[in-house]
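Work through the exercises below with the sequence and the coordinates at hand. Each task is followed by a worked solution.

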Amino acid sequence: MGQSSSAAANSSRRDSNNHSHRSKSKATAAISPMLQPDEERSEIVDVASDFISDLPDECLACIFHSLGSGDRKRCSLVCRRWLRIEGQNRHRLSLNAQSDLLPIIPSLFSRFDAVTKLALKCDRRSVSVGDEALVLISMRCRNLTRLKIRACRELTDAGMTSLAKNCKRLKKLSCGSCTFGAKGMNAVLDNCSALEELSVKRLRGITDGAASEPIGPGVAAASLKTICLKELYNGQCFAPLIMGAKKLRTLKLFRCTGDWDKLLQVIAEQVTSMVEIHLEKLQVSDVGLAAISNCLDLEILHLVKSPEWTNVGLVSVAERCKLLRKLHIDGWKANRVGDEGLVSVAKNCSNLQELVLIGVNPTKVSLEALASNCPNLERLALCESVTVGDVEISSIAVKCVALKKLCIKNCPVSDIGLEALASGCPNMVKVKLKKCRGVTAQGADWLRASRPLLAVNLDTGETIQEAAIDNSDVAHNNSVEFPPMAIQPAFPAIASSSAGRSTSFKSRLGLWTGRRGFVACTLRRWSSSRNNT
C-alpha cells in the first residue's frame, strides 16, 4: 500500500508539473485567449521581428558597413527606414558619368548625402557629364575628400573651378583622360589647402610648348605629399608645383616627354624630404640621378626603362642615399648597368630589403657582395638576365641568410641551382620560377620534398598557369593612382561600394602576363603577406 500511495503521489506531482510547464509555454505566446495555433505562430513571428525596429540607427549603420555592396542594396529595399539609413551612411560612391546622369543628380545626392569619396568614370565612346553636372555634385558634396575623374571629356576649366571653390576639403584628386587645362588645375591648387595626393594622367588641355601656363604651386603645395604624373606631353609645366611642395614624400613620373635632368636638379635642391621616387620611360641620365642623390632620406627608388643612365648614376645614388630599402631596376637590356653599380649599392645600402633586377646582367661578384653586405635582404627578383645561372644561385643560397622570397624568370638556371636552394637560405618561404628552361618539374618536386615548408611555384612557359593577382599590382604595372575606389554594378546608372571595405574585395583571378607583371605580382603579394603576419 505504501508503494501505491507513493506512486500515486509521484503521478500527481508529474501531472502538476506538466500542467505548469504547459501553462508557462502558452503564457509566452498567449496574446489573446481566442487565438488559434496558426495565429499564435504568426503573432510570435511578428513580435520577434519588432525587436530589430528597436535597434538605433547607428547600430543598423554599423551592420550595413560590414556588408558588401549587393547586400547593402538588397537591405535598402526592406523598408523606408533601412533605405534612409543605408543612404545616409554610404560614404563612397562610384558613378557611370555619362551625360544622362545629369537629371538624376539632385535625387541621387538627396539620398546619398554623406558621400566623401566619389568616382566619376565614363566610357571613352560615350558622352560624359559636363560642367553643369559637376557644379551640382560639388554643391551637394561639400565634404568631399577624395575625387577620381576618368574620361570626362566634357569638363572644362570652368567646371573644375566651381568644384575647387565648393569642395575645399579635398585631400586626394586623380584625373585621367580629361580635356580641361592648366586653369582648372590651378583653381584646385589655389582653393584646396588640404590636398595631399595628386595624380594626373593624359591631361589633354595643357597647351604645348613655351606657351603653356605654369601649374602651381598654390596653397595646396604646403600640404602635398604625393605627386604622380603620367603620359603628359608637357608634364614639365608642373615644375612650380613640385618645387613648391616642401613636404613632398613621393614623386612618380611615368612616360612624360622632355629632358628631365635639369628639372630634377632644381627639384632636388628645393625638395629634400622625398623618400620614394619612381621614374619610368623618362629621359633622364646620370646627371638626373646625381641630382636625386641629394635626397638623403630616399628609401624607395624605381628606375624603369630609362636607358640613358649608367653605373655612374647608380653609384652616385648609392653613395649618398644610404637609407635605401627598395630598389627596382629595369635596364631594358641596354647593358649599361652591371656589377660596378650593384657593388656600390651593396657597400653603401646595408638596409636594403628588396631588390628587383630586370634586363640587368649581374655576376657572382655583385650578387655575393649584395648577399654579404645586405643582411636584411628578404626579397630578390632576377629576370631576363643571361648571366644568372647555377653558380650565381648557389652563391645566393649560401650567403643570403635573411632571404625569404626569390623570383627568377627567364634565366639560365637548371635543377643544379635548385639543389643549392635545398640546403641554403634557411628563412626562405617561397620560390617562383618562370621560363627557366633548365628547370624541370622533377627538380621542382625534389625541392618541395626536400623542404616541405617551402612553396615552390614553377611555370616552364609551355602552358599558361593561372595565379591569384592583386588589382593594386595591375595598377602598379600600368599606372600609379590613389587607392582604388571599388566599382560595383548599379542602382539606376550608378555603381557603389560600401564604406570601410577591406582590400580583400579587390582581389581577382588573372593570368601571369609580361615580365613586369610577374615580378610586380610576386613582390606585392610578398609584401602584403608580410604585413599580414
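The model is predicted: local features need pLDDT of at least 70, side-chain atom pairs count only at pLDDT 80 or more, and totals for chains, interfaces and linings use all residues. Residues are numbered from 1 along each chain as its sequence is written, and side-chain values use heavy atoms, with hydrogens and water left out.

**Exercise 1.** Describe the surroundings of S177.

Solution. 
1. Locate the residue: S177 is in the loop between strand 4 (172-176) and helix 9. Helices (H or I, at least four residues) and strands (E, at least two) are DSSP runs, numbered from the N terminus.
2. Check accessibility: the relative accessible area of S177 is 7%, so S177 is buried (under 20% relative accessible area, with a 1.4 Å probe and protein chains only).
3. List the contacts (heavy atoms within 4.5 Å): leaving aside neighbours within four places in sequence, S177 touches R124, A151, C152, R153, K201, R202 and R204.
4. Look for a polar contact, a pair of N or O atoms within 3.5 Å; within protein, one must be able to donate a hydrogen and the other to accept it, and residues adjacent in sequence count only if both atoms are side-chain atoms. The side chains of S177 and R202 are joined by one of 3.2 Å.

**Exercise 2.** Determine how helix 8 packs, and its geometry with helix 9.

Solution. 
1. In helix 8 (residues 157-166), the buried residues are G159, M160, L163, A164 and N166.
2. These buried residues pack against helix 7 (131-140), strand 3 (146-150) and helix 9 (182-191).
3. The axes of helix 8 and helix 9 come within 8 Å and cross at roughly 5°. Axes are lines fitted to C-alpha atoms, for helices over the stretch in contact, and angles run from 0 to 180 degrees between N-to-C directions.
4. Helix 8 and helix 9 are therefore roughly parallel (angles under 35 degrees).
5. Helix 8 contributes D157, M160, T161, A164 and K165 to the contact, and helix 9 contributes A182, K183, G184, A187, V188 and N191.

**Exercise 3.** Which relative orientation do helix 15 and helix 16 have, and which do helix 16 and helix 17 have?

Solution. 
1. Helix 15 (residues 364-373) and helix 16 (residues 390-399) have axes that come within 9 Å and cross at roughly 10°.
2. Helix 15 and helix 16 are therefore roughly parallel to each other.
3. Helix 16 and helix 17 (residues 415-423) pack at about 5°, with their axes 8 Å apart.
4. Helix 16 is therefore roughly parallel to helix 17.
5. The second contact is made by D390, I393, S394 and A397 of helix 16 and I416, G417, A420 and L421 of helix 17.

Notes:
Buried means under 20% relative accessible area, exposed over 50%, partly exposed in between (1.4 Å probe, protein chains only). Angles under 35 degrees count as roughly parallel, over 145 as roughly antiparallel, 65 to 115 as roughly perpendicular and the rest as oblique.
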